[in-house]
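Let's take a walk through this model together, one local feature at a time. Keep the structure open beside you as you read.

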Amino acid sequence: MNWWQRHPEQAADSGERLVALAPSLLSADFADLRADIADMAAVGVDLLHLDVMDAHFVPNLTFGPFICAAIRRCTDLVLDAHLMMTDPHRYLESFAKSGVDAITVHVEADSPLPETLEQIGELGLKRGLSLNPGTPVDSLDPYLERLDVVLVMTVEPGFGGQSFDPRGLEKMEWLRDERERRGLDFAISVDGGVNDQTAGPCRAAGADILVSGSYFCKNQDRTKAAAILRSEHH
């Protein structure tokens, strides 16, 4: 069973490639977060995406380990903490103690990446690396063997209301081909503008995990939205 996929049997039963769905909790109802997470779990989402912003690497400020710990108390779903932070290596232990399952840092961050990825692994967590839309995908090449997930940003992190950047599709294709060529097994995740129009191209490009904020979380019919995002028959 893939660590990121909660219901792989659904794909096996249907005979199709069914990608994982990771709601971005920034779009959740924080006034009633426990109930909202329970509703997402009932719909059958696979994991939760936690957008951590430090107001330095990106202009916005969201939340830190304390809120991640509160989210952990609400659910047993896999939690992937996406650290949009300048110096994520300074906070790895705090996030590990909060109960997250994976930590994704940025290739553009100031942290020493080999040591940071090694420490994430030593803390018993899945190791992720993300890149912004303008960053060449081959910047990830030296680290691919160490990774459990690569997160392709298809909008600039820290800004809302942006259009999907199609350059991300070429990056996902490169990652898919490189993964096969080198016999690796990291997951390919995509974040930014993922909706009913862009999910199909992302799946076709090789995405294993679709991070969806507004489209899924604000949808009046989350069951239908999840099916559209995840299934190749929609």
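A polar contact here is a pair of N or O atoms within 3.5 Å; within protein, one must be able to donate a hydrogen and the other to accept it, and residues adjacent in sequence count only if both atoms are side-chain atoms.

## Ground rules

This is a predicted model, in which local features need pLDDT of at least 70 and side-chain atom pairs count only at pLDDT 80 or more, while totals for chains, interfaces and linings use all residues. Residues are numbered from 1 along each chain as its sequence is written, and side-chain values use heavy atoms, with hydrogens and water left out.

## Ser212 and its surroundings

We can start with Ser212, a residue of strand 8 (209–212); helices (H or I, at least four residues) and strands (E, at least two) are DSSP runs, numbered from the N terminus. The side chain of Ser212 reaches the backbone nitrogen of Phe216 at 3.3 Å.

Ser212 has a relative accessible area of 1% and is buried. Buried means under 20% relative accessible area, exposed over 50%, and partly exposed in between (1.4 Å probe, protein chains only). Leaving aside residues up to four places away in sequence, Ser212 touches Leu21, Ala22, Pro23, Ser24, Val194, Cys217 and Leu229, where contact means heavy atoms within 4.5 Å.

Helix 2 spans residues 33–43, and Leu33, Asp36, Ile37 and Met40 are buried in it. Viewed down the helix axis, these buried residues fall within an arc of 100°, so they line one face of helix 2; the arc is that of the directions from the helix axis to the C-beta atoms. Arg34 and Ala42, on the other side, are exposed.

What do the buried residues of helix 2 pack against? Their partners are strand 1 (20–23), strand 2 (47–53), helix 3 (65–74), helix 8 (214–217) and helix 9 (222–230). After helix 2 comes Gly44, with a positive phi near 105°.

Helix 6 (167–182) has 16 residues and reaches 23 Å from its first C-alpha to its last, close to the 22 Å expected at 1.5 Å a residue; the expected span is 1.5 Å times one less than the number of residues. Its buried residues are Gly168, Leu169, Lys171, Met172, Leu175, Glu178 and Arg179. They pack against strand 5 (126–131), strand 6 (149–153), strand 7 (187–191) and helix 7 (199–205).

## Aromatic pairs

The structure holds two aromatic pairs. Rings of Phe, Tyr and Trp (its six-membered ring) pair if their centres lie within 6.5 Å; planes under 30 degrees apart count as stacked, over 60 as edge-to-face and the rest as tilted. Trp3 and Trp4 form an edge-to-face pair, 5.9 Å centre to centre with 85° between the planes, and Trp4 is buried at 8% relative accessible area.

Phe30 and Phe63 form a tilted pair, 6.3 Å centre to centre with 40° between the planes. This pair links distant parts of the chain, 33 residues apart: Phe30 is in the loop between strand 1 and helix 2, and Phe63 in the loop between strand 2 and helix 3. Phe30 is partly exposed at 38% relative accessibility, whereas Phe63 is buried at 12%.
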